[in-house]
Amino acid sequence: MLRRARLVAAKDLALSVSGGQGLVQAVLLGLLLIFLFSLSKPLGGTISPQAAGAIFWLSSAFGLVLIFNDLFSLEEANGARMGLLSSPVPVHAVWLGKGVAGLGLLLVTQLVFLPATIAFLGQSVNGSLWLLLGTLLAADLGLVVLGALLGALSQGQGARESLLSVIVFPLLLPVLLAGITLFGMVFSGEDASGAGRWLGVIGAFDGVFSGAGLILFPFVYGGEE
């Protein structure tokens, strides 16, 4: 299954980079949000570290929606979803492959968002670099696990095209709150003694929705049009 998941991920990454619009739209929207929020800074002042973390993760969440809408529309636009379902590829390999592709694309957008947050919002990394990287990877894992599940749910009918953006944000609140708090610690350099509790929240979120994806994805992706 892992080999087939790698093939699905490689195919999605190649199509997204060569012709998909989700990555470009995600980067442009995120940069626009960061720039617009930077205009709210007092003249000669800075935005608080926690507010800067909130803007970074808000940009990432909007990028997540655009990325997974694009990833799942690759098959939907050409009627290829039924081909995947009727092939010997396990359905879970599709979920895993799209999750890996989504993670790669999301990390690319965040490699743009993080320097933009530092430059436009007047921040600097005063805390642990390892805490920043650990938070980024752990939170992104939860984002893409949920995005890969709900991205499949949002496909199939024109009336459901906006379903991903409607459902995903309330479900993402725990991991977004944890990411915002931890990034606030990193930007401010304050004592990170409470970081373990927030990392535990992210870990629990990742575990719950990974299990939900394993159970529900075959039914969601293989549902009737």
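This is a predicted model: local features need pLDDT of at least 70, side-chain atom pairs count only at pLDDT 80 or more; totals for chains, interfaces and linings use all residues.
Colleague: Is Gln123 buried or exposed?

Modeller: Buried means under 20% relative accessible area. Gln123 falls below that cut-off, so it is buried, and its relative accessible area is 9%.

Colleague: Which residues does Gln123 touch, not counting those up to four places away in sequence?

Modeller: Gly184 is 61 residues from Gln123 in sequence, with the two C-alpha atoms 9.9 Å apart in space. As for contacts, with residues up to four places away left out, Gln123 touches Ile47, Ser48, Pro49, Ala52, Thr117, Ile118 and Phe187.

Colleague: How far apart are the end C-alpha atoms of helix 5, and what span should its 30 residues give?

Modeller: Helix 5 covers residues 91-120, and at 1.5 Å a residue it should span 44 Å. Just after helix 5, Gly122 has a positive phi of about 70°.

Colleague: What is the relative direction of helix 2 and helix 5?

Modeller: Their axes come within 10 Å and cross at roughly 20°. The crossing of helix 2 past helix 5 is right-handed. Residues that meet there include Leu23, Ala26 and Val27 in helix 2, and Val112, Phe113 and Ala116 in helix 5. Angles under 35 degrees count as roughly parallel, and helix 2 and helix 5 are therefore roughly parallel.

Colleague: At what angle do helix 6 and helix 8 pack, and what does that make them?

Modeller: The axes of helix 6 and helix 8 are 9 Å apart, and the packing angle is about 25°. That makes helix 6 roughly parallel to helix 8. Helix 6 passes helix 8 in a crossing that is left-handed. To repeat the angle, it is about 25°.

Colleague: Which residues have the most contacts inside the largest nonpolar core?

Modeller: This core has 58 residues. Helices 2, 3, 5, 6, 7 and 8 each supply at least two of its residues. Beyond neighbours within four places in sequence, the contacts of Trp57 include Leu136, Leu143, Ile180 and Phe183. The residues with the most contacts inside the core are Trp57 and Leu172.

How values were computed. Residues are numbered from 1 along each chain as its sequence is written. Side-chain values use heavy atoms; hydrogens and water are left out. Helices (H or I, at least four residues) and strands (E, at least two) are DSSP runs, numbered from the N terminus. The expected span of a helix is 1.5 Å times one less than its number of residues. A nonpolar core is a set of buried Ala, Val, Leu, Ile, Met, Phe, Trp, Tyr and Cys residues joined through side-chain atoms within 4.5 Å. Buried means under 20% relative accessible area, exposed over 50%, partly exposed in between (1.4 Å probe, protein chains only). Contact means heavy atoms within 4.5 Å. Axes are lines fitted to C-alpha atoms, for helices over the stretch in contact, and angles run from 0 to 180 degrees between N-to-C directions. Angles under 35 degrees count as roughly parallel, over 145 as roughly antiparallel, 65 to 115 as roughly perpendicular and the rest as oblique. A crossing is left-handed if the near helix is turned anticlockwise from the far one by less than a right angle, and right-handed if clockwise.
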